[in-house]
Amino acid sequence: MTGATLQAIRYQRGSLDILDQLLLPHETVYVSITSLELGHDAIKTMKVRGAPAIAIVAALTLAVVLIQPSTQPRLQTAQEAVKFIEDSLDYLKTSRPTAVNLFDAAHKLATGVRSTSRLEEKDQSGSNSHVTVTGQDVVNKYLELAERMLEEDVRDNTNIGKFGAEFILKVWKGSDDLRVITHCNTGSLATAGYGTALGIIRALAGQQKLSHAYCTETRPYNQGSRLTAYELVYEKIPATLITDSMASALLAQHTDKIAAIVVGADRVAANGDTANKIGTYQLAITARYHNVPFIVAAPSTSVDLNISSGKDIHIEVRPPVEVTTLRGPVVVVDPNSSTSKGSSSSSTDVLLKQDEASGKIVSETVAVAARGINVWNPSFDVTPAELISAIVTEKGVVLKEDGVQQFDMKAFLVPM
Ligand code: MRU
């Protein structure tokens, strides 16, 4: 499977459709993103998720809006167009706070269009004279930059897969039975295609070097059991699903077969501390205890050189309902029942979700926790650099200097 066959994002100039990941693996429904509000909502409600995919969907949402006829009157001059783009990106940035890719993309897009609006050219005498830049020029520049992000993501992920697979094969001291554990979903669904940590698994499988992959369930949103398991089954990679609480037991039983735990990242600080899906930190601790390499795989757009360590990462806290309920496929459809109106049923604790357009009941949510219990639902945790063996980017593998507990991401990413 490649990004071309399992696509989270379908884009062509003027139209953006995203695969509604809330409905996977039970239903494959693409949702059209036709406004800033729909793009913002798709990211916030996690119809689309995964750090690179969030950034790309935000960028392309605005790309679609910019060429809608109703937006044109607000883009007449270059200054108007830049202002509209900056305001729109500021709004899209409020959708989710932790993954830095969204902020990095917004910064690059805003900087790119600002520099276009200040275009200057030398006249024949060598002095500067301003070129007339129109709103349309600024829009064109934005489209070029946003569309390039979509293309570059797949290329970067393929390189991450290649470097990560090479690294694992280099450090692997075991037999042919090479197994890897991964967490959350970092595959085609979390990116423009191929994936990061799952891309490494894909690359190992492609080279016939992988004997087995394990994916964690990844509560509460179940990115592992719903999305990664879906990708692994689709790809026919031999794989087993475990709950998050089974990882240490698995490592204890199969220490000599587990070549690595490979995860993605939402934000990597300059010292290598890494924010990723909740549960990553405990996997890093158990990896260290069992002496198994713990590898972070992420594009350089996930690295935030502005923060020195993980303590400065804003961790998103999501609604309690994600912990107290489980979402599943439709089992009973009764559009006339009181529970079909989208409100809670006190007698059954089953919520039915109705698709607004078709009126069809698309999923049901079952309460799995005692009513009234307090809930803490941080979406991410921070794994200290000390517990990370290597950070794999599209530019290569970053390692720690001997005897040093931190990575120097700046030295690796910023050429002197
Ligand atoms: O809450 P999510 O599903 O957006 O979290 C996703 C993760 O934590 C991924 O590991 C990370 O974004 C990397 S995806 C290539």
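The entries below go through sheets, helix packing, the ligand shell and some backbone details.

**Entry 1: what I am looking at.** I noted at the start that this is a predicted model.

**Entry 2: the three-stranded sheet.** I began with an open sheet of 3 strands, and I read its order as β1-β2-β3, with antiparallel pairing. Which strands stand at the edges? I found β1 (9-12) and β3 (30-32) there, and each has a single partner strand, so one side of each is left without a neighbour in the sheet. I also looked up the twist, which averages 20 degrees from one strand to the next.

Next I checked the pairing of β1 with β2 (residues 15-19), which is antiparallel and runs over 4 bridges.

**Entry 3: a pair of helices.** I moved on to α3 (residues 78-92) and α5 (residues 135-171), whose axes are 7 Å apart and which pack at an angle of about 40 degrees. The crossing of α3 past α5 is right-handed. Which residues make the contact? From α3 I listed Ala78, Glu80, Ala81, Val82 and Ile85, and from α5 I listed Gly135, Asp137, Val138, Val139 and Tyr142. Sorted by class, this contact of α3 with α5 has 7 nonpolar, 1 polar and 2 charged residues.

**Entry 4: around the ligand.** How many residues are around the ligand? I have 17 in my list, and Arg49, Ala51, Ala190, Gly264 and Lys277 come nearest. By class, the shell divides into 6 nonpolar, 8 polar and 3 charged residues.

I then asked where the shell residues come from. Both α2 and β11 (274-277) supply at least two residues each. At the level of domains, the shell draws at least three residues from domain 1 (9-118 + 132-153) and at least three from domain 2 (175-316 + 378-413).

**Entry 5: the four-stranded sheet.** I looked at β10 (residues 267-269) and β13 in turn: they run parallel and are joined by 2 bridges. Within that pairing, Val268 stands opposite Val303 in β13.

**Entry 6: backbone details.** I reminded myself that most residues other than glycine have a negative phi, and most peptide bonds are trans. With that in mind, I went looking for departures.

- The peptide bond from Leu24 to Pro25 is cis, with omega near 5 degrees, and I located Pro25 in the loop between β2 and β3.
- The peptide bond from Arg219 to Pro220 is also cis, with omega near 10 degrees; I placed Pro220 in the loop between β7 (212-216) and α7 (223-235).
- Cys184 has a positive phi, near 60 degrees, although it is not a glycine, and I found Cys184 in the loop between β6 (179-182) and α6 (197-206).

Definitions and conventions
Residues numbered from 1 in each chain as written. Predicted model: local features only at pLDDT ≥ 70, side-chain atom pairs only at ≥ 80, totals over all residues. Pairing = 2+ DSSP bridges. Axes fitted to C-alpha atoms, helices over the stretch in contact; angles between N-to-C directions. Left-handed = near helix turned anticlockwise from the far one by under 90°. Contact = placed C-beta atoms within 7 Å. Nonpolar A, V, L, I, M, F, W, Y, C, P; charged D, E, K, R; others polar. Near = placed C-beta within 6 Å. Domains from an automatic or database assignment.
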